[in-house]
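The sequence and the structure come first, and the description follows.

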Amino acid sequence: RLRVSTKQQGSRNIRSFEVKENIYVLFNPWNKDDGVFLPDDAKRREYVLNDIGKIYIGSHSKPKGRQWVYGQFADSVLPAVMFMMDKTRLDYTARANPVKVVRSVAAMVNSHDDNGLLVGNWSGNYNDGNAPWQWTGSAPIFEQYLRTNGEPIKFGQCWVFAGSTTTMSRALGIPARTITNFVSAHDTDDSLTVDKFFTREGEPISDVNSDSIWNFHVWTDVWMSRYECFAT
C-alpha cells in the first residue's frame, strides 16, 4: 500500500492521499545497482520484455520449436506470482535477494511444495485435466491458479514447468530464458556419468540406479549476481 502525506511550508495542516491500486516493487535489470542488472539492452528486450518465444522439444535430429506465449504482462500473472510468493514465507529481506526468490520460484512452480502451480504427469492419462501439450502459454495457467485460489493446475511436463518459470521470473523483473537440452543425461547417483550394469551373462541389472537419457529436457536460466560467493 502507498500513502502520500504532504503539507505546505509553515502550515500544520497535513493532507494524506492513498493510492488505491496495488503497488509492486520488482527487480530492475536496467539499474546497475540491482543484483539482476543486465547491461545489454538487446538481452533485456529478449529476456525481460519479450512475452512470446519458442520452446524446443523433440530430438536432436528432429527438433521442433513450439510457440509459447509467456504473457508476463497479462493482468492475472503478477497477482498470481505474488500469491505464490506469499506461500513461500520469505520475509521482506529475503524477497530482495534474487537468489532466494528464484529458488522459491523453482519450488512453487510444481505442486509438491505448498500446493504450487502445476501437477506433473508423464503417465499418458490426462482425463481430469489438460494434457501438457495442450498448453500454448503461461498466462491461462496462472489465471486458472488465481481463480481457483491456489488449486494446482493439471498437467505439466518439463517444457510447461520451464515456460511458467520463465514467465514468473520475467514478471518479477528477473531476466530469464527457456533452455532445451537434447539427448539429456540424467545421473541419479552423483557419478557424473550415465551408468548401465550387467550380469556376467550380459543381462541388464535394473535395480542399481535409474540413470537414463531423455530425448530432451527443458529448464529455465536466470541472470543475477551471486554476491555471497565472494564473501569472506
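## Aromatic pairs

How many aromatic pairs does the structure hold? There are four aromatic pairs, where rings of Phe, Tyr and Trp (its six-membered ring) pair if their centres lie within 6.5 Å, and planes under 30 degrees apart count as stacked, over 60 as edge-to-face and the rest as tilted. The rings of tyrosine 126 and tryptophan 133 have centres 5.4 Å apart and planes at 90°, so this pair is edge-to-face. Tyr126 and Trp133 form one aromatic cluster with Phe155. Tyrosine 126 counts as buried, at 11% relative accessibility; buried means under 20% relative accessible area, exposed over 50%, and partly exposed in between (1.4 Å probe, protein chains only).

Tryptophan 159 and phenylalanine 216 make a tilted pair, because their ring centres are 6.2 Å apart and their planes stand at 45°. Tryptophan 159 lies in helix 6 and phenylalanine 216 in strand 10, so the pair ties together parts that are 57 residues apart in sequence. Both tryptophan 159 and phenylalanine 216 are buried. Helices (H or I, at least four residues) and strands (E, at least two) are DSSP runs, numbered from the N terminus.

The ring of tyrosine 70 has a charge over it: the charged end of arginine 170 sits there, 4.7 Å from the ring centre. The criterion is NZ of Lys or CZ of Arg within 6 Å of the ring centre and within 35 degrees of the ring normal.

## Basis of the model

The model is predicted: local features need pLDDT of at least 70 and side-chain atom pairs count only at pLDDT 80 or more, while totals for chains, interfaces and linings use all residues. Residues are numbered from 1 along each chain as its sequence is written, and side-chain values use heavy atoms, with hydrogens and water left out.

## Nonpolar core

The largest nonpolar core has 39 residues; such a core is a set of buried Ala, Val, Leu, Ile, Met, Phe, Trp, Tyr and Cys residues joined through side-chain atoms within 4.5 Å. Val81, Leu117, Phe142 and Trp159 touch the most other members. At least two residues of this core come from each of strand 3 (52-58), helix 2 (77-88), helix 4 (98-108), helix 5 (139-147), helix 6 (158-171) and strand 10 (212-222).

Residues up to four places away in sequence set aside, leucine 117 touches Met84, Met108, Val109, Asn110, Ile141, Phe142, Tyr145, Pro152, Ile153 and Ser164. Contact means heavy atoms within 4.5 Å.

Tyrosine 145 is found in helix 5. Is tyrosine 145 buried or exposed? At 0% relative accessibility, tyrosine 145 counts as buried. Beyond its neighbours within four places in sequence, tyrosine 145 is in contact with residues including Phe83, Lys87, Asn115, Leu117 and Glu151.

Leucine 146 also lies in helix 5 and counts as partly exposed, at 32% relative accessibility. Leucine 146 touches Ser76, Pro79, Ala80 and Phe83, not counting residues up to four places away in sequence. The C-alpha atoms of leucine 146 and valine 77 are separated by 8.6 Å, and the two residues are 69 residues apart along the chain.

## Largest pocket

About 540 Å³ of space lies in the largest pocket. On a 1 Å grid over the protein atoms alone, a pocket is an open set of points where a 1.4 Å probe fits, with protein on both sides within 12 Å along at least five of seven lines, and lining residues have an atom within 4 Å of a point. Grid points are joined across faces, edges and corners, and the volume is the space filled by probe spheres set on the points.

The lining of the largest pocket holds 18 residues, of which Tyr24, Val25, Met82, Tyr92 and Arg95 lie nearest its centre. Helix 2 and helix 3 (92-95) are the elements that give two or more residues to this lining. The largest share, five residues, comes from helix 2.

## Backbone geometry

Most residues other than glycine have a negative phi, and most peptide bonds are trans. The peptide bond from lysine 154 to phenylalanine 155 is cis, with omega near 5°. Phenylalanine 155 has its place in strand 6 (residues 153-156).

Arginine 89, in the loop between helix 2 and helix 3, has a positive phi near 65°. Arginine 89 is exposed, with a relative accessible area of 65%. Asparagine 149, in the loop between helix 5 and strand 6, has a positive phi near 60°. Asparagine 149 is exposed, with a relative accessible area of 60%.
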